[in-house]
Amino acid sequence: MSRRKFLHQAGALASGLLLHQQLLAAFGSGIQQTINIGFIGCGDRGRGILHIMRELPSEFRVTAVCDVLDFRLQEMLKDAPGVKSYKDHRKLLEDKELHAVIIATPLNLHYPIAADALAAGKHVFLEKTMTYNIPEASKLVQLAKQHPAQVLQVGHQYRYVPLYFKVKEMIEKGYLGKITHIDCRWDRNWNWRRKVPAGYSDKQVNWRMYKAYSGGLVAELLSHQIDFINWAFNTHPDEVLGTGGIDFYKDGRETFDNVQVILRYNKENMIGNFGATCGNSREGYIFKIKGTKGTVALLVNSGIFYPEPETRKELQVVDGVSGATKIEWNTDGGIPILKEQGKDGTWYALKDFYTCITEKKQPTSNVITGATTAVCVHLANAAAYTNTIQKWKTSYNFSS
Amino acid sequence: MRFAITILLFFLITAGKQPSEKRPWRLSGFAQGTTWHITYYATDSIVQQHPIDSILLQLDSSLSIYKPYSLISRFNQATDSIVTDIHLRNVISASLQTWKATGGIFDITIQPVTQAWGFGPIKVTELPDSLTISNLMHCVDSRYLSMKGTVLFKQKPCVRLDVNGIAQGYSSDVLAAFVESKGVTDYMIELGGEIRLKGKKYPGALPIRIGIEGPVESEFQPQMLHKVISPPDGAITTSGSYRKFVQSGGQTLSHIIDGRTGFPAKNELISVTVYAPDAITADAWDNSLMAMGLERALKTLQQQPSLAAYFIYRKKDGSIADTASTFFDKFMIEEKSRTRDTGN
């Protein structure tokens, strides 16, 4: 073989190696790695994630489930027959074949179980809100740094939903102008309780009602919207005000059934209003972002953009406008943001969890962003429970 | 004394006949997946909302491929023929004329192909390849259509019609005819960006001003006006793919499909605004001119003396420029560089 030919081929081989990653991706299921998953926490949310995971069979294989409550474990096994089952999460974590865990337990157990999972060398998908309190958020950030090869993703799934991605893009491109006000609600007309089967206590099944286990409506619901604002504006609030009460379901619960929190973002010159009541469902989920040039009104899976009238001033000098393929306005004068309804947010979040594990990337909803949102949630609860205005401390500025 | 009374009577009578008594009346609504606006100038509100909505619904029942019960949908599902109504006949007639004049670029039998590209009622999950297109093109050719009395025939069952490229223009003309039937002589009708206008606006008997939209990147950005014009009585329509397109392999593909090839038009044109005596003609031509590219479009317009067009296009260096054909220049009114007699 002549020298030139050899160099030519060697060059081809080198570039071939560079393309290896792309080729790996292109070959698809042939060389695809399937992640073995263990579920810790098999309540409504855990089972919900399991159902979505079944739509991703080449990415994930559920091999183990764990719950301290027997009836939850039995329900889960119906949907995941034949997998290993545990009552103690530490036993589940000893399984060497397991690559990653989904943690969907009551809030007070998030930190200890996540810490155990990281120590056991597993990748972690931790449901929101990340931790029960601020010190635990800080500790988890430190812990995750000691396990850089492991992925820790927090379940703030709106960072993954194409619709919300598009809204973030619209904000960044200035289509809304200067945003000063955000209005969010997540209402329901329901006592938020689950049925307690015979032989189980209320505290075991309805942990959301108790301050020792739960961050209430703010941690369970409003955290999604609070997290989205942190993400869309790359920010955090500077001041948190809040109020609430047990205003309708005076049934022995400790967490509020009616809350309203105000987050003041001084650097962005914005006010965010977040509220939830268990006493009315008319508005349900609403999420409105209001700027000088337009408004975005979001539901869980769809969104509409409403331009501000002032932006159309130029059009008033003419009697008509001729344009190509007219925008498809809704009957109420808004423009749908995405033409099609997307999938459940969890689907996108799980897809990203898979990508981050296999391509060794940092998730968009990670321990830092999860901690930041956890701080917001806890400041909001502190404000409501103690009737004080909570201020952001520099120690809450986590960095990787 | 009698003279004075006569003069007085004369003034009273002519005062009653002053055109400056006309004032604007506005109607608006939602139809054909878009909004419509009508401004007419009259002494009284002689045109009402309800009949307009009715007409638009009727047009949908005739021409909309998004309504499975419509005449056109039934023709598409039929094996050989259907009995048409006046709307479908008018649209077919104008379409066949434009098909001939554009050498087949405008062809309403293109429906199976526009559907395959994702611009039809059925959602697509992937874009077609050349083989699919060449197979579908066996059903595409307006010569497969023929009218006998009120019956429309197709030579092949797979022949399917899509009149979206002409229906809004036609609808504007139908609305114009209705408005004129009420005795209105001064109006501006806009439906999905297609415009039909006549007369002047009042008070003041001023020229009606039409803005031509400038292409913007996103539908969420405020509308910008590229030019303002005062055309004579007739129609103004604009075609462009800066809003409606598909993305494929990093490229954006126009929704304007060339009836000769079955592929999206790809040339330097960003948008074309066409003037014609009526909106059905303007609408049929705007997409065709877009598909032709600048040079052929200008040449073709030389053979169409009743049409005029304004083009926004991308130069080879990437910068955006504009130009106009024949007498379109005369309508422009915002240019400060030259004085002109707009001849209103």
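Predicted model: local features only at pLDDT ≥ 70, side-chain atom pairs only at ≥ 80, totals over all residues.
A:Val321 stands opposite B:Gly211, a residue of β8(B). Residues are numbered from 1 along each chain as its sequence is written, while chains are lettered from A and ligands numbered from 1 in the order in which they are written.

β14(A) runs parallel to strand β8 (residues 210-214) of chain B, with three bridges between them. Two strands count as paired if DSSP finds at least two bridges between them; strands are DSSP runs of E with at least two residues, helices are runs of H or I with at least four, and both are numbered from the N terminus. Together, three strands make an open sheet with mixed pairing, in the order β14(A)-β8(B)-β9(B). β14 (320-322) of chain A and β9 (224-229) of chain B each have a single partner strand, so one side of each is left without a neighbour in the sheet. On average, neighbouring strands here are turned by 35° against each other, direction ignored.

**Chain A on its own.** Which strands make up the open, parallel six-stranded sheet of chain A? The order is β3-β2-β1-β4-β5-β6. Its edges are β3 (84-86) and β6 (152-154), and each has a single partner strand, so one side of each lacks a neighbour in the sheet. The twist from one strand to the next averages 25°. Inside that order, A:Ile102 has A:Phe125 of β5(A) as its bridge partner.

| Strand pair | Sense | Bridges |
|---|---|---|
| β14(A) and β8 (residues 210-214) of chain B | parallel | three bridges |
| β4 (residues 100-103) and β5 (residues 123-126) of chain A | parallel | four bridges |
| β4 (residues 145-148) and β5 (residues 151-154) of chain B | antiparallel | four bridges |

Now for a helix pair. The axes of helix α3 (residues 44-53) and helix α4 (residues 70-79) of chain A come within 10 Å and cross at roughly 10°; axes are lines fitted to C-alpha atoms, for helices over the stretch in contact, and angles run from 0 to 180 degrees between N-to-C directions. That makes α3(A) roughly parallel to α4(A), a label for angles under 35 degrees. From α3(A) come A:Gly46, A:Arg47, A:Leu50 and A:His51, and they meet A:Glu75, A:Met76 and A:Asp79 of α4(A). Contact requires C-beta atoms, placed from the backbone, within 7 Å.

Between them, 19 residues of domain 1 touch 23 residues of domain 2. Helix α7 (residues 134-145) supplies the largest share of the domain 1 side, five residues.

**Chain B.** This chain has nine helices and 15 strands. The C-alpha trace of chain B spans about 90 × 50 × 40 Å along its principal axes.

Definitions and conventions
Contact = placed C-beta atoms within 7 Å. Parallel < 35°, antiparallel > 145°, perpendicular 65-115°, else oblique.
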